[in-house]
Amino acid sequence: MKHKKPGSVRQHIAKYTAITAVTLKETLYHRNKLISTVFISTFRLIMLALIYKYAYAYLGTTINGIDQTTAVWSIAIYHILLFTQFRSIFRTIKSEHQKGSLEVQLNKPYNYLVYKCFEQLGKGIPNLVINLVISIPILIVLVGPPPALTPLLAVSALLLTICGTLVSAAIYACISLTNLWIEDAEPVFWIVDKAVLILGGAYIPIALFPPRAQTAAHFSPFGAPMFATKIFNPNFAYEWPSLLLMQVVWIVVFILLTHTYYKATQKVLAINGG
Amino acid sequence: MAKVVDVKNLFKSFTFPVKSAHKNFIQNLFTPDKRTVQAVDGISFSVEEAETVAFIGPNGAGKSTTIKMLTGILYPTSGKISVLGFNPQEERKQLAYNIGTVFGQRSQLLYNLPLTDSFELLSKIYELEPKKYQKQKNNLIELFNLSEIIDQPVRKLSLGQRMRGEIAASLLHQPLIIFLDEPTIGLDVIAKQKLRENLTNINRELKTTIFLTSHDAGDIESICERTIVINHGTIIYDQETLNLKKIYLNKKIITIELEKIIDKKIPPHQGVEIIKQKDNMIEIIVDTTQTTLERVLKNVISELHIVDINIEDPPLEETIRKMYETQKAR
């Protein structure tokens with residue numbers, strides 16, 4: 001008997017990018033869903049921009065040293081980058097476990113959680129691109145152009161976005177495994193997801209938080225996926241290396257945690273009563 | 001012949017919390033009572049290269065749990081498993097490169113995209129060389145007669161076509177063994193027949209070992225040389241299918257719909273027992289060790305005016321119950 005062995009790194013990369021590519025193709029097939037997601041996201045952005053416009057008109061030109069344009073663009077970045085995040089893998093894994101299709105997935109030569117993350121990328125990319133194209137002109141009309149960035153800061157923001165994506169993948173992959181342990185892990189997801197939303201600055205930019213909440217957002221893993229939203233903060237130029245380091249630490253911590261948790265989960269796994 | 005599957009003293013139990021009437025909410029939440037179900041209860045067997053094995057049993061007997069342990073999805077409570085020399089639990093990924101799996105009620109195909117896209121993705125997942133993949137794909141298209149449906153979205157395929165696609169997809173990487181869990185479930189007679197022929201062909205031509213679970217005695221008879229029967233987690237029968245056929249699968253049920261209601265009782269023939277006769281419907285059971293189906297059908301057609309006729313195997317559960325009783329009596 002001649003056994004086949006795992007291939008080269010190049011083949012591994014081709015495998016996971018193929019997963020993203022084919023999911024992207026499937027996502028584009030569901031045009032109605034894509035349009036409605038983009039519509040809801042754009043509508044939410046417009047509403048937030050208007051709320052901030054009125055809040056600033058009432059409270060003054062700056063709050064905590066942040067002007068209206070910076071606040072709105074911070075939140076806009078959050079909502080656009082939300083499509084690079086991995087929240088949906090929780091419900092995908094939950095559904096696959098309940099329907100039993102998990103058994104098909106676990107029989108393939110890949111890492112199931114990595115597969116789910118690359119699949120999620122394929123789902124998120126079309127939303128991200130369309131949102132960027134639609135939201136930016138709308139926001140320019142509503143609140144004006146974003147503050148100018150130096151090339152170095154733009155690159156650092158890109159790095160924070162990439163690392164933030166990895167932190168998000170590691171956090172959500174980790175809590176998704178809870179689905180395989182308990183009957184309804186939705187409360188666990190709810191708590192973590194809301195922590196990520198609030199401490200990431202989904203509705204209020206971190207710079208407007210009270211000092212203690214800012215510290216919590218800075219040092220907790222739940223704020224780390226969206227550090228890129230701080231790009232327009234006045235002290236971002238000094239802050240970004242420490243933010244990047246923090247993200248790297250959280251990536252390592254959560255990958256180790258997820259790996260250990262995954263090993264333990266395999267031993268207790270049951271699919272459809274067997 | 002080399003052993004491709006070797007299972008020794010395999011146990012699997014599931015423990016789950018149950019609410020106790022004697023405990024309050026907090027106690028039930030943090031220190032619940034536990035119930036243990038023994039799904040697999042000390043089974044041992046081995047399968048040789050290119051063998052075709054049916055692994056059958058009633059619902060809840062432990063078939064799927066065993067398949068899931070053999071493919072590395074579930075961890076056994078105790079016991080040893082070796083599949084193609086791999087420990088499925090410790091070397092799941094390496095094993096996955098060498099085995100194929102088909103779960104009749106779950107799909108591995110991309111629902112909205114053409115069948116060929118699923119093949120393409122699987123070729124990347126199994127890291128196949130493009131030339132090798134193209135050759136194998138063409139072989140499978142021919143073997144499973146997929147040329148007309150290969151470019152159709154999976155959602156537009158009939159269940160029979162989809163199952164052919166599923167099995168072909170699981171053979172793309174030329175696995176040494178294929179595990180099939182209820183592959184013919186829900187298929188019509190023609191689709192079942194076609195699939196059985198395909199599976200027999202791949203075993204004959206590619207020397208792929210087949211390990212199959214099914215509720216359909218027809219699948220077992222036409223595909224598998226050997227049958228293992230599992231009930232309550234233990235193996236109660238492990239022999240050639242031919243023996244099983246002689247001893248247990250020797251009955252056929254014939255349901256006949258007559259043109260009009262007849263008053264007279266049908267006279268009994270040797271090896272034929274009338275189990276139901278109501279209005280214009282008659283149900284008979286034929287013992288094929290005492291008479292042939294051909295003879296019975298000839299008699300029926302010559303004596304009665306028939307509108308419709310249906311021939312089927314007795315339910316597998318019935319056969320297994322008989323097996324279980326025979327074993328107990330010994």
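How many residue pairs are in polar contact across the interface of chain A and chain B? The rule finds 18, both residues at pLDDT 80 or more. A polar contact is a pair of N or O atoms within 3.5 Å; within protein, one must be able to donate a hydrogen and the other to accept it, and residues adjacent in sequence count only if both atoms are side-chain atoms.

This is a predicted model, where local features need pLDDT of at least 70, side-chain atom pairs count only at pLDDT 80 or more, and totals for chains, interfaces and linings use all residues. Residues are numbered from 1 along each chain as its sequence is written, chains are lettered from A in the order in which they are written, and side-chain values use heavy atoms, without hydrogens and water.

**View 1. The interface of chain A and chain B.** Chain A gives 38 residues to the contact and chain B gives 43 (heavy atoms within 4.5 Å). About 3700 Å² is buried between the chains (accessible area, 1.4 Å probe, lost on being put together, summed over both). Carbon and sulfur atoms give 58% of this area.

**View 2. A salt bridge between the chains.** A:Lys15 pairs with B:Glu127, their closest N and O atoms being 2.9 Å apart.

**View 3. Cysteines without a disulfide.** The structure holds zero disulfides over all chains (cysteine sulfur atoms within 2.5 Å). The sulfur of A:Cys163 lies 15 Å from the closest cysteine sulfur, in A:Cys117, so the two are too far for a bond.

Conventions: Buried area = accessible area lost by both parts, 1.4 Å probe. Salt bridge = Lys/Arg side-chain N within 4 Å of Asp/Glu carboxyl O.
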